[in-house]
Amino acid sequence: MKKLLHRIPGLSLLAILAVVSLELTPAMALTGDEAAAKSFFDLSNLWILISAALVFIMHLGFSCVETGLTQSKNTVNILFKNLFIVTMGVLTYALWGFNSMYPGDFNGFFAVGSPIANALDYGDPSTMTAEYADYTIWSDFVFQAMFAATAATIVSGAVAERVKLTTFMIFATLLVMFLYPITGSWKWGGGWLDGKGFYDFAGSSLVHAFGGFAALACVLVLGPRKGKYTSDGKIKPILGHSMPLAAIGVFLLFLGWFGFNGGSVLSADAALVSLVFVTTTIAACAGAMGAIFTSWVVLKKPDLSMGLNGVLAGLVGITAGADQMGPWSAAIVGLIAGVLVVFSIVFFDKIKIDDPVGAISVHGICGMWGTVAVGIFGVAAGEPESYSFIWQLIGTISVSAFAFITSFVLFFILKAVMGVRVSEEEEFGGLDVGEHGQEAYPDFSVSSR
Amino acid sequence: MKKLLHRIPGLSLLAILAVVSLELTPAMALTGDEAAAKSFFDLSNLWILISAALVFIMHLGFSCVETGLTQSKNTVNILFKNLFIVTMGVLTYALWGFNSMYPGDFNGFFAVGSPIANALDYGDPSTMTAEYADYTIWSDFVFQAMFAATAATIVSGAVAERVKLTTFMIFATLLVMFLYPITGSWKWGGGWLDGKGFYDFAGSSLVHAFGGFAALACVLVLGPRKGKYTSDGKIKPILGHSMPLAAIGVFLLFLGWFGFNGGSVLSADAALVSLVFVTTTIAACAGAMGAIFTSWVVLKKPDLSMGLNGVLAGLVGITAGADQMGPWSAAIVGLIAGVLVVFSIVFFDKIKIDDPVGAISVHGICGMWGTVAVGIFGVAAGEPESYSFIWQLIGTISVSAFAFITSFVLFFILKAVMGVRVSEEEEFGGLDVGEHGQEAYPDFSVSSR
Amino acid sequence: MKKLLHRIPGLSLLAILAVVSLELTPAMALTGDEAAAKSFFDLSNLWILISAALVFIMHLGFSCVETGLTQSKNTVNILFKNLFIVTMGVLTYALWGFNSMYPGDFNGFFAVGSPIANALDYGDPSTMTAEYADYTIWSDFVFQAMFAATAATIVSGAVAERVKLTTFMIFATLLVMFLYPITGSWKWGGGWLDGKGFYDFAGSSLVHAFGGFAALACVLVLGPRKGKYTSDGKIKPILGHSMPLAAIGVFLLFLGWFGFNGGSVLSADAALVSLVFVTTTIAACAGAMGAIFTSWVVLKKPDLSMGLNGVLAGLVGITAGADQMGPWSAAIVGLIAGVLVVFSIVFFDKIKIDDPVGAISVHGICGMWGTVAVGIFGVAAGEPESYSFIWQLIGTISVSAFAFITSFVLFFILKAVMGVRVSEEEEFGGLDVGEHGQEAYPDFSVSSR
């Protein structure tokens with residue numbers, strides 16, 4: 001998803017600009033090279049847009065996973081939060097985030113944002129700058145905007161079933177608008193992590209570990225759900241209310257990841273996009289296998305929710321290096337992610353960090369794993385700069401630490417100012433009635449067969 | 001979605017035909033211009049097909065929204081109606097609608113339809129006429145056919161929970177087969193509204209206001225659900241049975257709209273398609289914000305169903321001018337649509353017009369708003385003809401009035417001939433058992449935790 | 001989906017290779033022909049990848065249909081099976097299946113498989129061989145891998161609610177890894193059925209009849225669900241638990257079929273892909289009509305599940321000849337499939353072959369029908385070889401018989417070795433608790449309105 005250094009296959013930028021600027025003139029006399037460049041531009045642009053639509057589906061996937069794995073009395077609340085996050089996220093990204101994350105020349109740590117233009121011709125290729133070789137600025141914006149809300153959505157799952165709605169809405173807005181673009185700019189915006197030996201193809205660190213460690217901070221401030229950990233030290237599982245919803249969610253996330261990773265090639269380059277599809281698919285499948293058999297051994301039963309989280313673990317794991325390894329390397333990365341996620345979920349539960357959907361493990365831990373895995377399995381193909389294991393480690397720790405610390409401070413302040421948690425009565429009665437005055441299944445009657 | 005006047009970027013039609021007719025010959029000697037034209041044709045054609053698939057998803061989206069927002073005892077009935085509408089709609093469009101909506105030379109008001117050909121080579125570019133610069137006739141048919149059933153689906157939601165199945169099947173067939181193509185032909189088929197100063201990019205009026213005002217007519221003939229309005233003038237809410245289904249539906253509609261609006265560019269033009277993706281996304285998000293905060297103030301609670309309807313309101317609102325304004329103009333159009341939909345839903349409920357899913361407000365009122373909004377915010381870019389506020393008003397009123405009057409008359413006749421409403425017993429017992437002898441959740445057992 | 005004989009539109013393969021190998025060199029001087037060829041390659045490659053994503057959705061579709069049409073006490077089990085099948089299927093296809101199904105030169109009946117390479121440059125067009133004119137090897141792999149698991153998923157539905165999990169996992173693995181690629185190689189791998197006069201565009205026989213007859217064999221070995229057929233010869237229906245899930249599944253399968261059939265063109269050829277979209281859509285819609293009205297007459301009620309199965313019947317029916325006939329021929333093929341599926345489902349139930357979701361009828365019977373229908377309605381357009389009714393019959397019978405016999409033997413051996421069926425107690429208590437210790441809807445509370 002890096003765009004400052006962009007490969008232009010066998011053509012000078014001037015040639016491309018010459019071509020596209022001719023698009024609307026009545027007479028063309030293109031050379032074969034110019035014709036090929038124009039066609040590749042149009043194709044790549046369309047692929048970025050289709051990828052944006054696929055990433056959009058991930059927000060539905062998250063909504064389904066989160067509602068499926070939680071109790072039915074909190075369903076309206078979770079759906080409302082997810083609807084708010086994605087719609088608010090796009091708007092704040094337009095208002096500030098996009099220009100803050102891709103600022104051009106800046107100090108490398110933090111850039112002041114600004115609203116996108118209200119111009120029609122920003123989609124016009126003739127307004128392109130060197131950064132946008134294969135797609136329009138509008139395509140870039142809409143693809144990146146769909147990514148932006150993801151970080152907050154990850155947090156949403158971890159704090160579910162007890163967080164106060166208004167507080168979360170404020171936190172999510174600040175996170176998406178200001179915090180996410182900062183670490184994003186460190187690498188993808190050409191900041192201090194760029195060009196050093198750190199590589200994060202589509203965001204194992206910049207999106208997933210960021211979201212996972214923001215989630216960890218919020219859960220620490222918030223505390224576990226009432227009744228989850230009894231006074232005598234026992235863990236009482238609070239189960240979800242619909243495994244079909246959870247499964248639908250994971251399949252939709254898998255689907256959306258074809259755009260998340262495939263679109264991060266930032267062009268329709270045949271060799272790279274097809275490689276990324278293969279590594280993404282294989283890692284997801286290996287993640288499922290890893291989680292299914294690990295949980296079968298550890299928990300003694302073939303566990304569906306672990307299998308589903310295994311798919312997500314594999315996907316998060318391959319996201320940093322989907323274009324940097326062959327299919328069997330991707331299988332190993334995914335398999336390890338799938339094993340890891342089971343132990344991680346069990347571990348966080350043991351130390352009483354209550355994460356209803358396993359978001360910290362899936363996105364935080366596997367996001368870190370995926371990033372360092374590039375340093376182990378990556379072959380540095382197709383990437384002009386090289387990367388190193390040590391910089392992979394530095395990068396993922398920096399991003400995760402920033403997400404954790406800023407989220408902790410911000411959520412802590414919000415706790416002091418307005419409270420972060422619903423009352424005990426509301427928690428027992430459910431946030432649907434408590435916050436929204438609505439139930440998720442009011443006129444649902446089940447036959448008495 | 002207009003196709004009679006079609007921009008061919010910098011190439012004469014003859015050049016394109018020369019290229020494509022060469023496709024199957026063993027030896028080519030293309031110029032650069034011809035190569036670029038052939039590639040753009042193939043890319044645009046694929047985009048129209050992918051858009052058709054996206055618009056198809058909208059029918060699943062409508063099904064989910066409508067079943068989610070109604071009682072579980074009417075779920076089989078609603079799913080059956082939606083399955084019937086989309087499958088019948090495609091077939092009647094093939095039989096009559098397509099050739100009636102795009103008749104070529106006609107009187108401007110009404111054209112006689114005819115079945116599409118049973119030919120394989122209609123997909124062959126060499127059979128193209130001047131209207132089809134960037135895609136095959138088959139691609140055009142399948143894209144338009146997916147649109148056609150939408151009008152009836154909108155009605156389906158508004159008359160849910162009390163309409164007689166056979167009557168509705170006959171009404172929907174006549175609406176999709178004969179009535180929808182008439183107003184469609186007025187603008188997109190080159191009829192009396194075309195070339196005057198009326199613009200409707202993807203159908204705020206021709207699809208959505210048409211469906212919304214047909215729905216209003218049917219609801220007036222049909223009357224409200226029993227028990228909705230008590231004799232002492234109170235409104236008793238009849239709630240839906242699954243908010244997750246409703247949310248899934250809205251997210252799928254949002255997704256499908258990328259094809260509905262994006263495909264209506266009628267080519268893969270990079271500048272236009274990417275602009276349309278941005279304006280569509282921004283308007284949907286602003287619509288959600290408008291509805292969420294308006295309903296929060298008016299209803300005192302953050303209301304999920306209003307937020308979901310706000311997304312749809314924003315999408316309907318931007319549909320007429322998605323290629324005619326920048327992102328912040330789109331945000332204003334969507335925001336106003338989101339505010340409007342809340343007041344409109346409350347208003348129709350107050351005057352005892354019972355619309356279980358809010359279809360009249362979302363599609364009718366916001367469809368009208370979106371059409372006149374083009375006259376306010378549109379900058380007439382990329383469109384050879386200019387448009388005016390007054391013609392936007394004339395156009396949307398004409399289309400809406402035609403939909404309302406013809407639907408009213410037709411449904412009134414059907415009421416007299418065969419009845420439009422199920423018996424009171426059936427309404428209380430549910431249409432699933434009454435009309436289909438099936439329940440939606442027969443072997444659904446909920447654990448007694 | 002045939003790839004050994006591949007049409008290269010008007011260009012010698014050498015010219016293409018010359019183009020693509022130039023892609024990464026700094027200076028190009030393409031002719032118009034070469035530019036057009038490069039663009040067509042990139043576009044086609046992307047279409048195959050998008051098609052792979054669409055076929056992936058079908059696995060979610062199958063999951064939803066199967067869980068929707070079965071009891072809620074077996075939902076976790078069905079979702080687990082489907083998750084396992086698709087993830088295992090991709091991995092075994094990478095390990096053995098792909099190279100066994102497309103072996104190149106072989107004896108025509110059976111080829112030894114091998115793992116795909118762990119290479120990045122397999123996606124590089126310069127490694128292409130003559131078979132891969134329009135897409136990379138990686139794109140081919142991922143598209144075919146998504147197909148591979150489908151056969152086992154079809155079986156999964158038919159054996160639902162009583163099959164032992166571990167046994168089924170072993171059976172499904174062997175079926176997908178070894179058996180499916182064998183019949184696949186007979187035609188698509190250039191084996192004994194190829195070049196004789198047998199045509200199967202996207203797999204009415206090679207995928208669907210194969211899965212349907214494997215399902216029939218397993219059901220015969222397994223026996224019906226307890227209580228389905230009473231001792232006095234009556235049939236007691238065991239209903240599903242969620243018609244919305246079933247409907248969502250069918251709509252998603254319809255959507256995925258655009259990739260299943262559309263991607264099987266194996267290029268973005270405008271004429272062919274648009275024809276395939278039209279025939280696929282029309283056949284699905286006609287299938288719904290056929291099933292709706294047949295079941296209305298036969299069962300006296302407008303039956304939703306029959307209508308849904310009618311869509312699938314029409315889709316399976318058109319799969320063998322979607323590129324070989326015009327829309328109205330496709331309508332007849334789909335309509336007959338829709339009528340057929342109703343009688344077939346009733347027939348199998350009468351002879352006490354218990355198939356909870358109708359998979360044998362939808363995939364087995366309609367797969368056979370679709371294959372022979374090509375011999376009746378196909379016009380042999382766009383296909384270099386001709387086909388005959390008699391060879392269509394020979395082909396579909398050969399494939400179905402192989403699937404039936406090998407599945408029967410394999411499942412029979414597994415029955416003797418480890419058992420294929422859960423205990424009666426577990427069957428009554430549900431496989432969710434019995435096999436997984438999990439419920440599908442544990443914290444689902446329905447309001448007591």
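Trainee: How much area do chain C and chain A bury between them, and what part of it is on carbon and sulfur atoms?

Mentor: Please keep in mind throughout that this is a predicted model. Buried area is the accessible area that two parts lose on being put together, summed over both. For chain C and chain A the value is about 5,800 Å², with 75% of it on carbon and sulfur atoms. The contact joins 77 residues of chain C to 70 residues of chain A.

Trainee: How many salt bridges are counted between chain C and chain A?

Mentor: The count for that pair is zero. The interface of chain B and chain C likewise gives zero salt bridges under the rule. There, 77 residues come from chain B and 70 residues from chain C. Chain B and chain C bury about 5,800 Å², of which 75% lies on carbon and sulfur atoms.

Trainee: At what angle do helix 9 of chain A and helix 2 of chain C pack?

Mentor: Angles under 35 degrees count as roughly parallel. Helix 9 (residues 270-299) of chain A and helix 2 (residues 32-68) of chain C pack at about 10°, and their axes are 10 Å apart. Helix 9 of chain A is therefore roughly parallel to helix 2 of chain C. The crossing of these two helices is left-handed.

Trainee: Which residues make the contact between helix 9 of chain A and helix 2 of chain C?

Mentor: Helix 9 of chain A contributes A:Ala270, A:Val273, A:Ser274 and A:Phe277, while helix 2 of chain C contributes C:Phe41, C:Asp42, C:Asn45, C:Leu46, C:Leu49 and C:Ala53. By class, the residues of this contact are seven nonpolar, two polar and one charged.

Trainee: How should I read a pair within one chain, and at what angle do helix 2 and helix 3 of chain B cross?

Mentor: The reading is done in the same way, but angles over 145 degrees count as roughly antiparallel. Helix 2 (residues 32-68) and helix 3 (residues 75-101) of chain B cross at roughly 160°, and their axes come within 9 Å. Helix 2 of chain B is therefore roughly antiparallel to helix 3 of chain B. Their crossing is right-handed. On helix 2 of chain B the contact uses B:His59, B:Phe62, B:Ser63, B:Glu66 and B:Thr67, and on helix 3 of chain B it uses B:Thr75, B:Ile78, B:Leu79, B:Asn82 and B:Val86. These divide into four nonpolar, five polar and one charged.

Trainee: Is helix 10 of chain A parallel or oblique to helix 11 of chain A?

Mentor: Helix 10 (residues 304-318) and helix 11 (residues 327-350) of chain A pack at about 130°, with axes 8 Å apart. That angle makes helix 10 of chain A oblique to helix 11 of chain A. Helix 10 of chain A passes helix 11 of chain A in a right-handed crossing. Residues of helix 10 of chain A in this contact include A:Gly310, A:Gly314 and A:Gly317, and those of helix 11 of chain A include A:Gly334 and A:Gly338. The contact has nine nonpolar, six polar and no charged residues.

Trainee: Finally, where does B:Trp192 lie, away from such helix pairs?

Mentor: B:Trp192 is in the loop between helix 6 (165-187) and helix 7 (204-222) of chain B. Leaving aside residues up to four places away in sequence, B:Trp192 touches B:Gly108, B:Phe109, B:Trp186, B:Trp391 and B:Ser398. The C-alpha atoms of B:Trp192 and B:Phe110 are separated by 9.9 Å, although the two residues are 82 residues apart along the chain.

Terms used:
Residues numbered from 1 in each chain as written. Chains lettered and ligands numbered in written order. Predicted model: local features only at pLDDT ≥ 70, side-chain atom pairs only at ≥ 80, totals over all residues. Heavy atoms only, no water. Axes fitted to C-alpha atoms, helices over the stretch in contact; angles between N-to-C directions. Helix = DSSP H or I, 4+ residues; strand = E, 2+ residues; numbered from the N terminus. Parallel < 35°, antiparallel > 145°, perpendicular 65-115°, else oblique. Left-handed = near helix turned anticlockwise from the far one by under 90°. Contact = heavy atoms within 4.5 Å. Nonpolar A, V, L, I, M, F, W, Y, C, P; charged D, E, K, R; others polar. Buried area = accessible area lost by both parts, 1.4 Å probe. Salt bridge = Lys/Arg side-chain N within 4 Å of Asp/Glu carboxyl O.
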